[in-house]
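The sequence and structure come first.

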Amino acid sequence: MSSRKTIAIIGGGASALSVAAFLDAGKYDVTIYERNRGLGRKFLVAGKGGFNLTHSERVGDMMRRYSPPRFLDQALSEFDNERFRAWLADIGIPTYVGSSRRVFPVQGIKPIEVLTVIKEYIATKGHKIRYDYKWVGWSPDGNLLFENGGKIESDITIFCMGGGSWKVTGSDGLWNEIFRDRGVLVLPFLASNCAYKVDWPSHFIDKASGRPLKNISLSNSGHQSIGEAMITDLGIEGSAVYALSDQIQSQLSNQGCASIHIDLKPMLTIEEIVKRIKNSKRKLTDCLIKDLKLEKVKVQLLKSTLTKEQFLDINVLAINIKELPILLEQACDIDKAISTTGGVDLSEIDDHFQLKKLSGNYVLGEMLDWNAPTGGYLLQACFSMGHHLALHLNQEY
Ligand SMILES: Cc1cc2nc3c(=O)[nH]c(=O)nc-3n(C[C@H](O)[C@H](O)[C@H](O)COP(=O)(O)OP(=O)(O)OC[C@H]3O[C@@H](n4cnc5c(N)ncnc54)[C@H](O)[C@@H]3O)c2cc1C
C-alpha cells in the first residue's frame with residue numbers, strides 16, 4: 001500500500017493547475033476533481049482577449065497592486081513574475097513583454113496550447129484528473145461528497161473553485177453556502193475589474209458607444225490610473241477603470257455611488273490648455289480637435305457632461321478637460337466581471353492558506369477575498385499562491 005498522503009484538489013482552474021504542478025508526487029498522491037469535462041475554462045476565457053499571464057513590473061511595485069496590502073507578499077516573493085516566466089519557458093511556453101508591460105505567450109501560442117502544456121506537465125508528474133466531479137459538501141464522517149455519488153477520503157484537501165463571475169465556466173460560487181454552514185466567514189461576492197453604470201444622455205450613447213478614450217488618466221480617492229477606457233451603452237469599462245476597482249467598490253459600498261475624474265489630456269497643464277485655446281484662431285470645437293488633439297469622442301464627452309455655458313468658458317472647460325467628473329451609479333452585472341472580491345475572509349486562513357477552523361483544508365485563488373487589477377496580476381496571484389502552498393506541503397512531510 002502507498003505510504004503517500006492523498007491530496008484532493010477541488011476545481012481545476014489556474015490555482016489548481018499551479019499547486020498540482022509544484023506538488024511533490026513522491027510524497028503525495030494527487031487528484032484534481034473538476035466539475036466540467038475539461039480544465040481551466042476561465043483560463044481559456046481569459047485567453048480570448050489579451051491573454052496576460054503576468055505583468056513585467058518590478059516585484060516591489062507588483063506587490064502594491066494587491067489588496068489587502070501584504071497578503072500576497074510572501075507567495076509573490078517566492079514565485080514572482082520572473083520565476084513564473086522562467087517556469088513557463090521551461091515547460092515550453094515562452095513569453096514576451098508587450099508595450100503595456102503585460103506578459104503574453106509568444107505570438108502563435110494559443111491559450112488552449114498553454115493549458116495543454118500545463119496539463120501535460122501535471123500528467124508527467126503522475127497526478128490524476130477526474131472530470132464530472134462536482135463537489136457538494138462533506139459527509140458526516142468528513143469525506144468529500146460529489147454530485148455523481150462519489151465519496152472520497154483524502155488526507156489533505158485544496159479548494160480551488162474560483163470566484164463568482166462567468167458562471168458558464170463552472171465557477172458559480174455556490175460553494176460559499178457549504179463553507180458558511182461549517183462556520184467559515186464567507187463574504188458576499190462583489191464584481192471587480194468590471195464595467196460601471198453611468199447615466200449617459202442618449203444622444204451621447206448614439207455617438208460614442210463602443211469608442212475608446214485613449215491616453216487618459218483616471219483618479220478616485222487620491223489613486224490614479226493611466227490607460228484606456230471604453231464608453232458603452234450602459235457606462236464605462238476598460239483597463240484604466242479596472243485599476244481603480246478597489247477604490248470605486250469601496251465608495252459604492254459606503255456611499256451608494258462613486259465618482260471618478262478623467263484627465264483627457266494628461267500631457268498638458270490647465271494653463272497650457274487655456275493658452276492654446278486663447279491663441280487659436282479656430283472655432284472652439286475645431287480648436288479642441290486640431291490644436292489640442294482631443295479625439296472626437298472626448299469632445300463629445302465634454303459637451304454631453306458640461307452645460308453650454310461651462311463649455312464656452314475657457315477656464316472652466318480647461319479644468320474639466322483635466323478633471324472631468326463622472327458619476328458611477330453601480331457595478332454592472334457581476335457575471336460579466338473579470339474577477340470578484342468577497343468569498344472566504346482572509347482572517348479564516350493561516351499563512352499557508354489553510355482554513356483555521358478546518359485543519360487539513362486549504363483555499364486558493366479567487367475563492368479568497370482579495371483584489372487586484374486585471375493585466376496579469378490575477379493569474380500571477382493564483383500561480384504564486386499555488387506555488388507557495390505546494391512548497392509548504394512538500395516541506396511538511
Ligand atoms: C473574461 C476574463 C478575462 C480574464 N483575463 C485575465 C488576464 O488576461 N490576466 C489575468 O491575470 N487574469 C485574467 N482573468 C482572471 C483569471 O482568469 C482568474 O482570476 C483565474 O482564472 C482564477 O483562478 P481560480 O483558480 O481561482 O478559479 P477558476 O479559474 O475560476 O477555476 C475554478 C474551477 O473550479 C471548478 N469548480 C467550481 N465549483 C466546483 C465544484 N463544486 N466542484 C468541482 N469543481 C468546481 C470550475 O469549473 C473551475 O474549473 C480573466 C477572467 C475573465 C472572466
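The largest nonpolar core has 65 residues, and Ile-9, Val-19, Ile-158, Val-363 and Leu-364 have the most contacts inside it. Helix H16 (residues 377-396) gives the most to this core, with 10 residues. The model is a predicted one: local features need pLDDT of at least 70, side-chain atom pairs count only at pLDDT 80 or more, and totals for chains, interfaces and linings use all residues. Residues are numbered from 1 along each chain as its sequence is written.

**Terms for cores and elements**

- A nonpolar core is a set of buried Ala, Val, Leu, Ile, Met, Phe, Trp, Tyr and Cys residues joined through C-beta atoms within 7 Å.
- A residue is buried if 20 or more other C-beta atoms lie within 10 Å of its own, exposed if 12 or fewer, and partly exposed in between, with C-beta atoms placed from the backbone.
- Helices (H or I, at least four residues) and strands (E, at least two) are DSSP runs numbered from the N terminus.

- Val-19 is in contact with Ile-9, Ile-158, Leu-364, Gly-386, Leu-389 and Ala-390, leaving aside its neighbours within four places in sequence; contact requires C-beta atoms, placed from the backbone, to lie within 7 Å.
- Another core, of 36 residues, lies apart from the largest one, and Phe-189, Val-241, Ala-258 and Leu-288 are among its members.
- In soluble globular proteins, nonpolar side chains tend to be buried together.

**Ligand shell**

- The ligand is surrounded by 41 residues, of which the closest are Gly-11, Gly-13, Gly-162, Gly-170 and Gly-365; a residue is near a molecule if its C-beta atom, placed from the backbone, lies within 6 Å of it.
- Helix H1 (14-22), helix H2 (41-46) and H16 are the elements that give two or more residues to this shell.
- H2 gives the most to the shell, with five residues.
- The shell divides by class into 19 nonpolar, 16 polar and six charged residues; Ala, Val, Leu, Ile, Met, Phe, Trp, Tyr, Cys and Pro count as nonpolar, Asp, Glu, Lys and Arg as charged, and the others, Gly among them, as polar.

**Domains**

- The protein is divided into domain 1 (5-191 + 337-396) and domain 2 (196-331), with bounds that come from an automatic or database domain assignment.
- Between the C-alpha centres of domain 1 and domain 2 there are 37 Å.
- Nine residues from domain 1 and seven residues from domain 2 make the contact.
- On the side of domain 1 that touches domain 2, four residues are nonpolar, five are polar and none is charged.

**Three-stranded sheet**

- An open sheet of three strands has the order S3-S5-S4 and antiparallel pairing, where two strands pair if DSSP finds at least two bridges between them.
- Strand S3 (54-55) and strand S4 (95-97) are the edge strands, each pairing on one side only.
- S3 is joined by two bridges to strand S5 (residues 102-105), and the two run antiparallel; Thr-54 stands opposite Val-103 in S5.
- S4 and S5 also run antiparallel, joined by three bridges, with Thr-95 opposite Pro-105 in S5.
- The hairpin of S4 and S5 has four residues between the strands, and Arg-101 takes a positive phi near 75° in it.

**Seven-stranded sheet**

- Seven strands form an open sheet in the order S17-S16-S13-S14-S15-S12-S18, with antiparallel pairing.
- Strand S17 (324-328) and strand S18 (330-331) stand at the edges with a single partner strand each, so one side of each has no neighbour in the sheet.
- Five bridges join strand S16 (residues 258-263) to S17, antiparallel, and Ile-262 has Leu-324 as its bridge partner in S17.

**Two partly exposed residues**

- Lys-275 lies in helix H11 (residues 270-279) and counts as partly exposed because it has 14 C-beta neighbours inside 10 Å.
- Lys-275 and Asn-315 are 40 residues apart in sequence and 9.9 Å apart in space, C-alpha to C-alpha.
- Val-59, in helix H3 (residues 59-63), is partly exposed, with 14 other C-beta atoms within 10 Å.
- Leaving aside neighbours within four places in sequence, Val-59 is in contact with Leu-76, Ser-77, Asp-80 and Asn-81.
- From Val-59 to Glu-82 the separation is 23 residues in sequence and 8.7 Å in space, C-alpha to C-alpha.

How values were computed: Two residues are in contact if their C-beta atoms, placed from the backbone, lie within 7 Å.
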